[in-house]
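Subject: Structure handover

Hello,

Here is the structure for you to look through. My notes on what turned up follow below it.

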Amino acid sequence: MKFSEKWLREWVNPAISSDELIAQITLAGLEVDDVDPAAGEFSGVIVAEVVAAEQHPNADKLRVCTVSDGTAEHQVVCGAPNARAGIKVAYATVGAVLPGNFKIKKAKLRQVESFGMLCAGAELDINEENDGIMELPADAPVGGDLREYMQLDDQIIDVDLTPNRGDCLSIAGLAREVGVLNSTDLTPPTMSEVAPTIEDTFPIKVSDPQGCPRITARVVRGIDVSKPSPQWMQERLRRSGIRSIDAAVDITAYVMLELGQPMHAYDLALLNGSINVRKASQGEQLTLLNEQLVELNEEILVIADNEGAIGMAGIMGGNSTGVNSNTTDVLLEAAFFDPITIAGKARSFGLHTDASHRFERGVDYALQRQAMDRATQLLLDICGGEAGPIIEQVANETLPKGEQVVLRKQRLTSLLAFEFDDAQVEDILTRLGLELVSKDDAGWTFKSPSWRFDMAIEADLIEEVARVYGYNNLPSTNPVGSMDIPAKPEMHRPMSLLRHHMVSRGYQEAITYSFVAPELMAKMDDQNTPVALANPISADMSVMRTSIWPGLAKAVQYNQNRQQSRVRLFETGQRFIPSNDGLQQEDVIAGVISGSRDPESWHGKAESVDFFDLKGDLQSLFDLTGEGASFTFAKAEHVALHPGQCAAIFKNSEQVGYAGAMHPGLVKELGLQGPAFLFEVNLAALQAGVVPAFNALSKYPEVRRDMAVILDEAIAVSQVEGIIKQQAGEHLQQVNLFDVYAGKGIEPGHKSLALGLTWQHAERTLNDDEVNQWFDKVVTAMQAQLSATLRS
């Protein structure tokens, strides 16, 4: 909201500078967005009267004017089309300085001397009108300084108000705030009730008392709308960003700015029958004052006469009943409309008006009669006429009531860490308009004023006390609390460790959407039915993922489509599994690799990644827990993975994930360039580890025995390693598979495994008999359990 500082200081004038005033209201929550001067910097411009205006002898578009400054007459050449005898103008004398440091000098235009300049409003930075010279009212004092006459040594302050502070959308509301902040009494202009001089009324009905709990109106007959608004009113409207139209319309706008009550003036002769405040009929049409034709619906509150809607309540009046140059009788209307009923309705028609801005935030529901009297008095003073009595319709059952709020002293002190004097609290809140209902040792009970819709609970009053007292005036109190450093369990592996390890293995972290396409999700997880979103962003993001794989698969596709053939991605996140106990959110880590094993270089072969690259990365990840041996791989099946290259991952005997090659059908459907390998593991299994313990290195030599065994090709190496560890004794240090062979010399359906077994004792050297005994036990167990034979 824009307002004139001079106008505000007529209501309340604290002994502070303009800069201090601006800083003060900003700190109080009424943020100042901009401050502009009411006019440009100029001097030497006075009020003058054009005595004569004649055609320039040498130019068709110039006139030679004789201008009187009250003591002498001066010749001025002017090109304005409205230059004529008898008008009062802004006259820049010789030596005057206009905005932009433009100095007025004696000049000769087309051989005719000119002593000064007749100014347009734009040339003085007063307004933007430059299509003619500025015409002043007939009562403007000739010879007087223009700045003093128009009170241009003023500032236009623009405040940005939060939606809860609709009470400050007026000079009265702002003055009330400034008065409270400075403990200064208000000096508002005299406003008294206007006694009716005629008995004329107009029938008014309210069919929707919920939307319009109160409406007032008044008939005023015999006005002269040809009389212009006074200069002071036009200037205050201009400085508030409102253009002057005619006296009747200007007065309603002025009262809105002064008191905060939007009003409307109807041409009484154009009203038919009576006025009814009702909801619009579906499809009902209305032409607004801005000549926009709107089609209404049943949610819109309208003002209607017997012929139909004549205005959108709280938004804008209709064009058919507006005041015009022929108007002699008017019906003034001021109402309180329910903010919820009005909220959003203007925007639905692409409108935002001063009235809707105020009604949406809440207008003082006890203000209507005062605003009606103020507008009536101004109308009678400016345009003449006779006023009838105020017509009023009130629905007390739907009219808001002031809230009674209890403010506890202990709560006030606790929240603000400061103990206020009782008198100080009462002064602040009563100046804000609250009524003190009762008081006791524990606190107070206040009743909120009719113009504040944001005072309903105790916290609201505490906020007001702090705001008015000044947040910067409240003492700073250092918080007191325990500074104990929480213990970090060594067994827990933090997420950052897992992420850094994956990056060290050449992976890049990805973040994909938790919402995926249902078709792709079904092809990657046929065990869980994903939860569908009630209001999805799009069709391909309509279900919650039960696996991270769909997002990673799409990421591989996206990268390959952009010439990134080598992709190594991982992601940590949640998958959402429906269950009988509700939606389970499981933390997992998943990854994908595709393309070449190593980055392109001048050495090495360009080999593609395979399952064992993925397995090696996982094994290194498992080793971070300190119990990598507890993780095992077992052949499995998964709808998203290749039937022959799919493994379930176990920690001890509990399954914690899957790894394998992406199913060829999915690779083809996604259009991937070559195979891709996936894994997904529960994070809980990776973050739970063991505390490292020191073991002394043995100073005694190792003993190694190699064996080559032939066994069924379906037997997993892990089975072989398990038997070796069971039978080879406690001093076995390592089992190393160093060759796998199938082909010539080996029966079909079989394979040869070459393994190295290493023993070492911590306190002595092992002898051959001991090692041979353990070796024989291993061979015997494999023959018995796996039908394996030693390869000769």
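A residue counts as buried when its relative accessible area is under 20%, as exposed when it is over 50%, and as partly exposed in between. Keep that scale in mind for what follows. Note too that this is a predicted model.

Overall shape

The chain has 792 residues, and 48% of them count as buried. It holds 21 helices and 40 strands. Its radius of gyration is 44 Å, whereas the globule rule gives 28 Å for 792 residues, so the chain is more spread out than a compact globule. Along the principal axes, the C-alpha atoms fill a box of roughly 135 × 80 × 60 Å.

Aromatic pairs

There are 14 aromatic pairs in the structure. Two of them are described here.

Phe336 and Tyr365 have ring centres 6.0 Å apart. Their planes stand at 70°, over the 60 degrees needed, so this pair is edge-to-face. The two residues come from distant parts of the chain, 29 residues apart. Phe336 sits in strand S22 (residues 330-336). Tyr365 sits in the loop between helix H9 (354-361) and helix H10 (368-383). Both Phe336 and Tyr365 are buried.

Phe420 and Tyr469 make another edge-to-face pair, because their planes are at 85°; the ring centres are 5.0 Å apart. Phe420 is in the loop between helix H11 (409-416) and helix H12 (422-431), while Tyr469 belongs to helix H13 (residues 458-469), so the pair ties together parts that are 49 residues apart in sequence. Is Phe420 buried or exposed? Its relative accessibility is 7%, so Phe420 counts as buried. Tyr469 has a relative accessible area of 21%, so Tyr469 is partly exposed.

Also on the aromatic side, Trp7, Trp232 and Tyr254 form one cluster.

Charges over rings

The charged end of Arg176 sits over the ring of Trp451, 4.1 Å from the ring centre. The charged end of Arg568 sits over the ring of Tyr507, and there the distance to the centre is 4.9 Å.

Ile204 stands opposite Ile275 in S16.

Arg369

Helix H10 contains Arg369. Arg369 has a relative accessible area of 40%, so it is partly exposed. Which residues does Arg369 contact, leaving aside neighbours within four places in sequence? They are Thr216, Ile390 and Glu392. The C-alpha atoms of Arg369 and Ala217 are separated by 8.9 Å, although the two residues are 152 apart along the chain.

Best regards

Notes
Residues numbered from 1 in each chain as written. Predicted model: local features only at pLDDT ≥ 70, side-chain atom pairs only at ≥ 80, totals over all residues. Heavy atoms only, no water. Pairing = 2+ DSSP bridges. Helix = DSSP H or I, 4+ residues; strand = E, 2+ residues; numbered from the N terminus. Phe/Tyr/Trp six-rings, centres within 6.5 Å; stacked < 30°, edge-to-face > 60°. Buried < 20%, exposed > 50% of the residue type's maximum accessible area, 1.4 Å probe, protein only. Lys NZ or Arg CZ within 6 Å of the ring centre and 35° of its normal. Rg over C-alpha atoms; globule rule 2.2 N^0.38 Å. Contact = heavy atoms within 4.5 Å.
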